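Here is a walk through the structure, one piece at a time. Keep the viewer open as you read.

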Amino acid sequence: MLDRSCRKRTAAGTGAAKLSAMVAGMLCIAPALAQPGGDGPAPSADEWEVPRLPNGRPDLQGIWTNKTITPFERPQELGDQAFFTPEEAEQFVASMLERGNQDNRTDDVRDVLNAYNAFWWDRGTELLANMRTSIVTDPPNGRIPPLVPERQAELEAERRAITERCEQQPGCAITNSGEMGPAWDPKVLDLMTRCISFGTVVPMLPTAYNNNYQIVQSADTVAILTEMVHQVRRIPTDGSPHLPEHVRQWFGDSKGRWEGDTLVVETRNFTGELHGRLRAADENLRVIERFTRVAPDVLLYEFTVDDPTVWTQPWSGEIPLTRADGLLYEYACHEGNRGMENILSAARAEMRAAGDTEKQE
Amino acid sequence: MTKQALLTAACCAASMIAGPAFGQHTATAADQPDLSGIWQAMNTANWDLEAHAAAPGPMSELGALLAIPPGPGVVVDGAIPYLPEALPQREENRENRWTADPELKCYMPGVPRANYMPYPFQIIQGTDTIMLSYQFADAVRIIHMNDPGPAPAPSWMGWSVGRWEGDTLVVDVTGQNDQTWFDRSGNYHSEELHVVERYTLETPNILMYEATITDPNVFSRPWTIRMPLYRDVAENAQVMEFNCIPFVEDVLYGDSGK
């Protein structure tokens, strides 16, 4: 039986109070989480102390996962309800697992995209231990805020132009972006098809599979390896400044500092060419993340996304990362990108057949 | 209960609470040298492991810009001991270096080449894991200090298992696929490649690096390369993002569907 009082204890708070509330919440809602593979009795919230490196900083090391069937955004019908009741949670899990295993195949070009089922997904079978109805915690409705009107208009115009082009001329395909788009040139394909990135990397959001991260920590650097596609974030905690404004990187420039036992990471200097949940973002994107070890096998991860020329307000989320079984393995994507060759040759063949011999820009 | 017994009980209770899985961290800084930091080779090993004179680059229009610089070599005993039947492949690779070198394609470079590319890499020495994060192609290696067993499958950057011998970090690297070269001059290997690396801090800012290479399909005996790696001590030193995929898409996929 789940203890209803646990849910109340995981309500918002700050600092140490939130820490111990989260730990209490973790342990009473999902006691198994406290010690997968561990020996001995689970320590109570009062007795456990975060292990530390020789320099006194909290030890965040290990192999962590954010796989979950908790939705990224709250289902509309739940309104402002931030947490599941135990009964609702059971029903929700059952329906998500069933939905993930349905035969969604269609007779059109989306057939392959829809053909994935539970055999392929690695979302796990559990909600986040915090029992939230969404990963997004702010705005209070658990959904990312609206786009700034100018940005909305820009994106709509882009989509209209692409749709027109693809309706009138050959050479388009639905690829990993899930949308119809030009497919004759790597530069116009999505980041996943190009093997540049599968997820967002910053922030750490769950995707279909390989939701695995490894944290290795020295005295002045926290390194986070994202398994898919082997991106490493090297986060100094020695007070190093950010790169100059004009220097841009796909996954930005991350600098960290300790606030008590919480690692706070600020990332900026993005190129703004991202995808997935951050597809709308531009070069003004800033992400703030907070990492707090709250239990032997739980690393509380909180993030805030802020892009004032894109979203009408910053938005935030929370994921208690849990220890993953096993090791990370090499995810070499670009080295074997046959998909790219096939997509390009099909698009170009279509264009040739239609007499379209000019290389499109 | 006596005071002694109380203290004993308290100490044992504390260690039970900490738990063996996560409480008993060995103090790496205290026991072993800390190799953490940003390192880079300062030689022409990535051009040619063996000694070589200067030579023209790929395009005369680029003049001296991409000419091949000279270097005294990093192979202990001078020459790489190819099996006679394996040498023609190296010559063929060398002739095709401006198209066939996997570095050109932004492929992960493998071990030991990643350590002597002309770009920095960062060592993050953790408690039971050491991560080597390379600027080129965001290549990365995890060195397991607790032996995780054999390589599960061939990979580009191999499977690294490390141990300390005194103050030297010894890393055993197996499980590399046969797709990488040792340098831009076509020196190559098979999937039987076995590399044993040795990292020793000679001074706080010089990390002496040795790699012994064994591959019975290609070489008549094991051979060793040796070079210093230098710490980047610049105030603003950092390994930046060098994702070369966008720079190679034209050359890789230009022919697709033509």
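**Starting from a helix**

On helix α7 of chain A, the face turned away from the buried side carries the exposed residues A:R338, A:N342 and A:A353. Helices (H or I, at least four residues) and strands (E, at least two) are DSSP runs, numbered from the N terminus.

A word on the source: this is a predicted model, where local features need pLDDT of at least 70 and side-chain atom pairs count only at pLDDT 80 or more, while totals for chains, interfaces and linings use all residues. Residues are numbered from 1 along each chain as its sequence is written, and chains are lettered from A and ligands numbered from 1 in the order in which they are written.

Back to the helix. α7(A) covers residues 338-353 and spans 22 Å from its first C-alpha to its last, close to the 22 Å expected for its 16 residues (1.5 Å times one less than the number of residues). Its buried residues are A:M340, A:I343, A:L344, A:A347, A:R348 and A:M351. Just after the helix, A:G355 takes a positive phi of about 80°.

Now for chain B. It has 5 helices and 9 strands, and 35% of its 258 residues are buried. 9 strands, β1 through β9 in that order, close into a barrel with mixed pairing, where strands pair if DSSP finds at least two bridges between them. Within chain B, β7 (194-203) and β8 (206-214) run antiparallel, joined by 9 bridges, and B:Y199 stands opposite B:Y209 in β8(B).

What about the nonpolar cores? These are sets of buried Ala, Val, Leu, Ile, Met, Phe, Trp, Tyr and Cys residues joined through C-beta atoms within 7 Å. The largest has 107 residues, and A:A223 and B:M131 have the most contacts inside it. Its largest share, 6 residues, comes from strand β11 (298-306) of chain A. Apart from it lies another core of 10 residues, among them A:W184, A:A347, A:M351 and B:Y253.

Methods:
Buried ≥ 20, exposed ≤ 12 C-beta atoms within 10 Å, placed from the backbone.
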